[in-house]
Amino acid sequence: MVRVSDVIAEIPGDLLREGFVADLRRHLGDAVEDHVLKPGDDLWVRVATSSWKAAGDAVKAMGFDYFCFLSAIDWMPSPFGKGEDDPTAPPPERDDTIRQGYAGGSTRFQVFARVSSSRHKVGITLKVDVPESMVVDSWIAVYAGANWHEREAHEMFGIGFAGHNDLRNMYLPMEFEGHPLRKDFPLLARMVKPWPGIVDVEPLPGVASDEEDAS
Amino acid sequence: MIASIPYWGASLLRVLGGIVAVLLPAGTIVYLFLFKMMSFMQSRLGPMEAGPYGSMQLFAEVGKFLQKEDLSPDGADKRIFKMAPLIVLASTFLLIAVVPFGPDAWFTNFEAGVFYMLAVSSISVLGILMAGWSSANKYSLLGGLRAAGQLIAYELPMVLAVIGVVIQAESMNLNTIIARQNGDSIFGFSWLGNPYVITQFVGFVVFMIAVQAELTQPPFDMPIAESELVAGYMTEYSGFRFLIFFIAEFATAGVFALIASALFLGGWGVPFQWFGWDNLGEVANWMNFAGPFIMLTKMMLLSFIIMWVRFSYPRFREDQLQRFAWKALIPISLVNIMVTAILKVAF
Amino acid sequence: MTMLGDRQQLAYIAAQAADARVNVELETEGMTLNIGPQHPATHGTLRIIARLDGEQVVWAEPSAGYMHRGYEKLTEVRTFPQVTTLINRIDWLGSFANEVPFILAAEKLMEVEAPPRAQYIRTILFELSRIANVSLFLGDLGVQLGAVTPVFLAFRDREYVLNLIESATGGRFHPNFDRIGGLKDDLPKGFIDETKAVMKKLRTFCDTMEDLLFGNEIFQTRTRGIGVIPKDVALSYGLSGANLRASGVDWDLRRDQSLPMAWNKAEWKVWTHPDGDSFARCWIRLQEVREATKIVDQLIDTMPAGPVMAKVPRIIKVPEGEAWVSTENPLGEMGYYVVSKGDTGPFRVKIRSASFNNVSITPWVLKGVFVPDIITVLASLYFILGDIDR
């Protein structure tokens, strides 16, 4: 007996992924705002903020049972550049336009998650815009593994997850102020000593006295 | 010969002999088996620096422990904390009092030697419990409680295993047991004597397992359980007090091995048939000097087995340990007693 | 006067009430035990807070972060080749394997593929780091359970593998050998014969471990049926690697995705186990070491000749885009989500490490187990602190 799912498994990669997009549209309707499909490679889908949890339920119903990870991206370019600025000079002009990546978006922060299907052995990356209120729905009811990932995203980006009742800090102490992975949070090591740093090489004792005599 | 020495001289000899009899096996076991045999089994050399082939390592370790600071935790019950290791060591010394090393070279000649030995070996449980409770440390408390449960549970198989020997020897006096082993014969064949390791093989195995548990050695080392409880009831001890625990552990191993060789392997003697003796009274005087060496050899054999099992096996979980004692060892030793009694009456 | 009287009265009433409470409910409150962060059993600085009722765990919670080094922030100020040095140190026992997914993601964005010889050598070094990592796991497993001997044998045999890695890359623990487009260098002379000899030794080691540890009855009673994780729970928590295959899911990222590596050029088997208990997880890792030795043997024999580095510019600028690559690392699925803006360095790198998900299941799996079983379950889940904390 040939089952539909066996036939689907035989279909080459891009038809499989196009089927996923169609399935998602069927589940979520207009909430599927944009998608990027690289044939044979990967699939990115952006959903509306109000349907984030519904998107999680939808992909779980579609057979994506393996929870890979959940995190966030801050699309603002870092005002500190690479930490290589000369502290004595005025800060250089930098392009600070916020440009999102694949599947677009309109906000500075985006939460993205990846889930995979243990059946088809392919994955899908879902993205969602984080609104001004900095709160999105929690996926903890859909995938139990989202618990720790959401705690880390909250700690690192300051994004709240509605429905997660235990958003303690994962790595940092409870009293830590600020959200380290935001681009406007400076990397302290580079603030203290920009890279490559003022190279202060002490001359060898004999050489120094020679130079002094020469000058 | 003993009668010709004044009483104080005999007592002094006994005390010195007791100390040597406890510390010498401990030292030998630690160096030979713990340092060297374990290392060779694990494909490494062990201590090599202190003295030729690391033979002075033991003295170096003792010296190191002696010069450490006397720490005790703030919340600990100081008096009990300090007493606990001494009690554990005291039980070892009490045990050695009843082990004979020759036909006349004994410390005490109790008629109820076996009874005394089994009773006194439980005193170490008290010391361990005291150590676990007074350390004011949750890990120590867990270790102490586990130890209490384990040691009491494994007392029973030990007692029951020895009863078979007592039935066969018709006496609880250790010297008599040894004499019976060397003087009797197996179905008329007396060249080997009648070492109870052959006729009481089941009892021997049960006794050795119970001894392994009484010493809290792996696979029964839940109370110490290094990967979980750091060091169990010994966690808060350092320096001299830890040294006492350490010595007590290996000294007790040596003493139990001596007792096991007395009960099962024929102790200080060789089969009397070899020299034409008939009973204990006829044994020659030189046996008093050769006896300790023979005893030592048999003790090394048995402690080799104890240590070998120690290095090879992972440890039991507490409830599996208890289940093993109550549901496996005790029924087997009860059956052993029954069979021994029946055969004793029949033959 | 009246105030003092009132206070005294209140104190007396409170004391009476306290007495009454003790008499009525003779409940013993549980003990909260702190395992770690300095503890012989945790593979590093992991802290587990366990509330016990006697010897049974009522509630257990791991508290990670004692080793958080902020890698994701650090990658934002580094160039792509510099990131390799950083991510070496995530899973420091099988360290070459950490570099590979990141390099593959960068190569995917640059649309560059390493030459075949480089792919073979990458795969060989990947499998060697798997062997180094998992053989230490086997030894460590013994120590957690009380058997002190296997760990020495594990370290002894692992030295051979580390010597091999060092002869090829220059570093035992942090090779930093992978480059975008290929490898830093070719293999040294004598590597092939040496590798074959070492693989034989490791197969003997696996057999010894099977006899000494896995065949032991006490080991079996300690691990069978302990910490059972059913298939759907494992998937929803994102367990990966041997942990997932031990719950019956037939999924191996080496076989089930097509990456520019040489795993599909060798014949090897994916092991699964239906039980999902600690024994299954440990047993599967043992088999994986054996399979890894087979892969290395086959690839060493069939390695093609050729260059080890593709043509890439000297200053590497990765075009704009996002890429996700994950591989079957020794600990599980490790992946990198690389966001690039056309710069010399990444814009954002999300490091998906296997141990983070593996340890997150601990509160679920440790409910109701005994204290010794905490150690068994943690040992069988196998995590490295650098992998959890990044």
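E111(C) counts as exposed at 73% relative accessibility (exposed means over 50% relative accessible area, buried under 20% and partly exposed in between, with a 1.4 Å probe and protein chains only). In this predicted model, local features need pLDDT of at least 70 and side-chain atom pairs count only at pLDDT 80 or more, while totals for chains, interfaces and linings use all residues. Residues are numbered from 1 along each chain as its sequence is written, chains are lettered from A and ligands numbered from 1 in the order in which they are written, and side-chain values use heavy atoms, with hydrogens and water left out.

E111(C) is found in the loop between α4 (96–110) and α5 (116–145) of chain C, helices being DSSP runs of H or I with at least four residues, numbered from the N terminus, and its phi is near 55°, a positive value in a residue other than glycine. Most residues other than glycine have a negative phi. R390(C), also not a glycine, has a positive phi of about 45°; R390(C) lies in the segment after α16 (385–389) of chain C and counts as buried at 3% relative accessibility.

## Helix α7 of chain B

Because seven of the 10 residues of α7(B) (residues 174–183) are buried, the helix is largely enclosed by the rest of the structure. The buried residues include L174(B), I177(B) and I178(B), together with the polar N175(B), Q181(B) and N182(B).

## Cis peptide bond in chain B

The peptide bond from P218(B) to P219(B) is cis, with omega near 0°, and P219(B) is placed in the loop between α9 (201–214) and α10 (226–229) of chain B.

Technical notes. Helices (H or I, at least four residues) and strands (E, at least two) are DSSP runs, numbered from the N terminus.
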